[in-house]
Amino acid sequence: MTRKKVWAILVAVCVAAISLFGIAAYSQIDGFKERMSEAFELNNQRNLEGYYTAEFEFKMLGAAYDFDRGRYIKAYRRFYSYLDQLKTADGLVKIPDFANNKEELEFYLSLQDPSTGAFMDPSYPLPTYFGPTLNVIQHLESLAESVGQPLRLKYPLSFLEELDSPEELRLYLDDLSTVGTLVSNLPQTPYIFASLDSYKDLERLGLFTFSSEWKEELVKWIWETQDPETGYWGVKLRNSGELVRGGDVNVTRKHVKELLDEDGLNRYEEYPLQYVDKIIDTTLEYLIAGAPDGIAEQHAWSINQYLGQQLLFHLWEHLSTEQKAISKERLAGNVRVIFDRFYLPSAGAFSLYADEDDADLDGTGTYIGLLQALGFFSMERQSKLWGKPDETIHDIRINAIARLTEEDLLPFVGDSDVNSIRFYANRPSETEHASEAIAFVYPKETPVLDALDLTFNLNRWIHSTSQKMGVWTSRETILKRLAENDAAGIRLNESETQMLIGEKILKEYGQLIAIGFDQLQVPRRMVVYTLEDSKG
């Protein structure tokens, strides 16, 4: 056989092998997508059973990262090995019952990998380390604070040394900025690892120090890679440069936070935020769609809605009056979806996934955060977004009654803006519409709870659940968030009906102040009921 024929045969074999490998690759990504929902369901189940699941999302994305880099066999083995682990629970860490926060602190410190310093399986690629490490450190910070000691890790965060120079950082970020067609079809891509804004928390805690050159390179890279059409940042297809799904709201939110201060002003004169109008328009589009059906898609949706909302509020002063009105309408629609599909009345808390039977920490933490950003639990926050009570209450009446009846609430029933009614002995001060309320009622059927009702239920759930930590939210984090609510100290009287309590206020004080709130907890209507003179 001649050398020419040998080469021809070798080329033909290689072409056939590449074609078969391509077909296999497509088959594998389809397999990932089909089995991903199963993995999310299993992880949720293990989380509720008390297993440590903080690595879950990052292991999923780690497999996708390997697959995208052509390491198909490794990605396949990673994914299915972990899926089997979720099915059997073999090798998963069960979170023990702790006698106190000191014990819990020591347990989570023990999960740090000594070779990398990360709170992540060291066999996974470097980009997967940052997210779970920051999530666990956040929980450790709360625990350390509760026991009155500074946070000290067992090992240095040595994995960060692999990207602590400006050159290494840019290579790392550029590597994550493109993706192949196959992995681009997953609900989330490894590009999420390109958000490194939490480095400031590591510096604040004294756990790692980044050079000024490193920080400037990060800001410069962010500024250079914004998409001018959508205003967003996102991963691009490797073969065409096309922005996948119009950009990534998660990473965009974090990059905007890096470029703007809390007041929405540019942090850096040489790197001002660009395309602000485009960012706003794109974000408003994100807030249109309702929750999808797939569990993996719901996972991405819940995070995207939460961060999209935060992004919009960070740019709030740049929105026109019309855009703010559109925002309010769409955000109120999302609140209805969240209560209708993610809130479990039997538990008094939220699930991360729609229509589930059990509430969980990640869902509860995510939706509390989303509602907090809306001003749901804070009159101060609410006033900045939607206006002060004197501006939002569009109708005030005075009615003399002998006793409180359902008929007396008809002015609220006929008002489409009113979702719930709170009772007061006196008109509440501008910032105390939650803390000074004595009771509440619903004038008509609604899935959206009043903030008093929700806060009471959430406190009851968080103090009774055995769950300690989800993928990114801990029990301690939720307790801290609830303590920040205006209604944090409220104690509801469950032994009497709320209407009877309202009537007792009327008889005792000679008046009853009733204020109707909409689904965003904005006060919209007020009726002052005075006690009618029975002798007259």
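1. Gln188 counts as buried because its relative accessibility is 16%; buried means under 20% relative accessible area, exposed over 50%, partly exposed in between (1.4 Å probe, protein chains only). Gln188 sits in the loop between helix H7 (181-184) and H8. Helices are DSSP runs (H or I, at least four residues), numbered from the N terminus. Leaving out residues up to four places away in sequence, Gln188 touches Leu61, Arg245 and Asp248. Contact means heavy atoms within 4.5 Å.

2. On provenance: this is a predicted model, where local features need pLDDT of at least 70, side-chain atom pairs count only at pLDDT 80 or more, and totals for chains, interfaces and linings use all residues. Residues are numbered from 1 along each chain as its sequence is written, and side-chain values use heavy atoms, with hydrogens and water left out.

3. The second largest pocket holds about 440 Å³ of space. Of its 21 lining residues, Pro187, Arg245, Tyr286, Ala300 and Asn304 are the closest to the centre. Helix H11 (276-286) and helix H12 (295-314) are the elements that give two or more residues to this lining. H12 gives the most, with five.
A pocket is an open set of points on a 1 Å grid over the protein atoms alone, where a 1.4 Å probe fits, with protein on both sides within 12 Å along at least five of seven lines; lining residues have an atom within 4 Å of a point. Grid points are joined across faces, edges and corners, and the volume is the space filled by probe spheres set on them.

4. By class, that lining has 10 nonpolar, seven polar and four charged residues. Asp, Glu, Lys and Arg count as charged; Ala, Val, Leu, Ile, Met, Phe, Trp, Tyr, Cys and Pro as nonpolar; the others, Gly among them, as polar.

5. The largest nonpolar core has 140 residues, and Leu315, Phe339, Phe350 and Leu454 have the most contacts inside it. H12 gives the most to this core, with nine residues. A second, separate core of 18 residues includes Phe412, Val418, Ala514 and Tyr529. A nonpolar core is a set of buried Ala, Val, Leu, Ile, Met, Phe, Trp, Tyr and Cys residues joined through side-chain atoms within 4.5 Å.

6. Helix H5 (residues 130-146) is mostly covered: 12 of its 17 residues are buried, including Phe130, Leu134 and His139. Its cover includes helix H2 (56-68), helix H4 (101-109), helix H8 (199-204) and helix H19 (475-483). Just after H5, Gly148 takes a positive phi of about 75 degrees.
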